[in-house]
Each structure stands twice: as structure tokens, then as C-alpha cells.
Amino acid sequence: FGATLASYLKNLPPQPDLPALLQYGDKAVHLLRVCMALQRHHDPDPFFLGCRTAADLIKYNHSHVAKLLHLFVTEGWLSLVERGIGMKASRYKLTIERN
């Protein structure tokens with residue numbers, strides 16, 4: 001699974017043109033680019049992403065990642081399709097234009 005995920009993320013898409021994203025910092029930009037790469041691979045279906053996996057990917061605390069993902073949903077950049085419970089990852093759909 002790790003090798004497959006690494007292949008999705010090998011060439012992250014460029015930073016989206018979302019000026020509001022910049023106020024949340026570099027980790028938020030990196031996380032959204034990861035979401036864009038996952039959506040590109042799974043399109044048109046939603047993608048799975050757990051907070052701990054995302055935290056490992058962007059080298060950040062998992063509770064901060066959870067807050068960023070919630071923020072992305074609040075901002076309208078992601079749609080929460082199914083909330084993960086326990087060890088099950090949440091499913092998201094990107095709602096912004098992607099390259």
C-alpha cells in the first residue's frame with residue numbers, strides 16, 4: 001500500500017490558485033496538494049485519507065492535520081463524503097479546479 005501511495009504522490013500538482021490557502025501556512029498548502037494528487041488518481045470517485053497517514057506524509061501532527069482537513073471542508077475546497085471512524089479513514093472529494 002505504501003508503494004502505491006508513494007506513486008500517487010510522486011509528482012504533486014502545483015499549488016492551487018487559492019489566495020486564502022496561503023494564510024494557513026506551508027503545511028496546509030502541502031496537504032491540499034496531496035489531496036489534489038489523491039483526487040487525480042481516484043477521479044471521479046472520492047479518495048480515502050486518514051489524519052495519521054496525512055500527518056506522516058506532510059510531517060505534521062495528526063491533530064493539526066485533522067483541523068486542516070476540517071478547515072478545507074469549511075472553506076469548500078473539499079467535500080466530506082464519509083467520516084472515518086476509529087481506524088477507518090474518511091473519504092473526501094476535491095471541489096476545486098485541479099490541473
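Both phenylalanine 72 and tryptophan 77 are buried, where buried denotes a relative accessible area under 20%, exposed over 50% and partly exposed in between, computed with a 1.4 Å probe on protein chains only. The model is a predicted one, in which local features need pLDDT of at least 70 and side-chain atom pairs count only at pLDDT 80 or more, whereas totals for chains, interfaces and linings use all residues. Residues are numbered from 1 along each chain as its sequence is written, and side-chain values use heavy atoms, with hydrogens and water left out.

The structure holds three aromatic pairs, a pair being rings of Phe, Tyr and Trp (its six-membered ring) whose centres lie within 6.5 Å, with planes under 30 degrees apart counted as stacked, over 60 as edge-to-face and the rest as tilted. The rings of tyrosine 24 and tryptophan 77 have their centres 6.3 Å apart and their planes at 70°, so this pair is edge-to-face. The pair links distant parts of the chain, 53 residues apart, since tyrosine 24 lies in the loop between H1 and H2 and tryptophan 77 in the loop between H4 and strand S2 (78-82); helices (H or I, at least four residues) and strands (E, at least two) are DSSP runs, numbered from the N terminus. Tyrosine 24 is partly exposed, at 28% relative accessibility, while tryptophan 77 has a relative accessible area of 5% and is buried. For phenylalanine 72 and tryptophan 77, the ring centres are 5.7 Å apart and the planes are at 55°, so the pair is tilted. Tyr24, Phe72 and Trp77 form one aromatic cluster.

Phe72 is also among the residues with the most contacts inside the largest nonpolar core, which has 29 residues, the others being Leu31, Leu32, Leu49 and Leu69; such a core is a set of buried Ala, Val, Leu, Ile, Met, Phe, Trp, Tyr and Cys residues joined through side-chain atoms within 4.5 Å. The largest share of this core, nine residues, comes from H2. Leucine 31 is in contact (heavy atoms within 4.5 Å) with Leu49, Ala54, Ile58, Val65, Leu68, Leu69 and Phe72, neighbours within four places in sequence being left aside.

A search of the whole structure finds zero disulfides, defined as pairs of cysteine sulfur atoms within 2.5 Å. For cysteine 35, the nearest cysteine sulfur, that of cysteine 51, is 10 Å away. Cysteine 35 is buried, with a relative accessible area of 0%, whereas cysteine 51, at 25%, is partly exposed.
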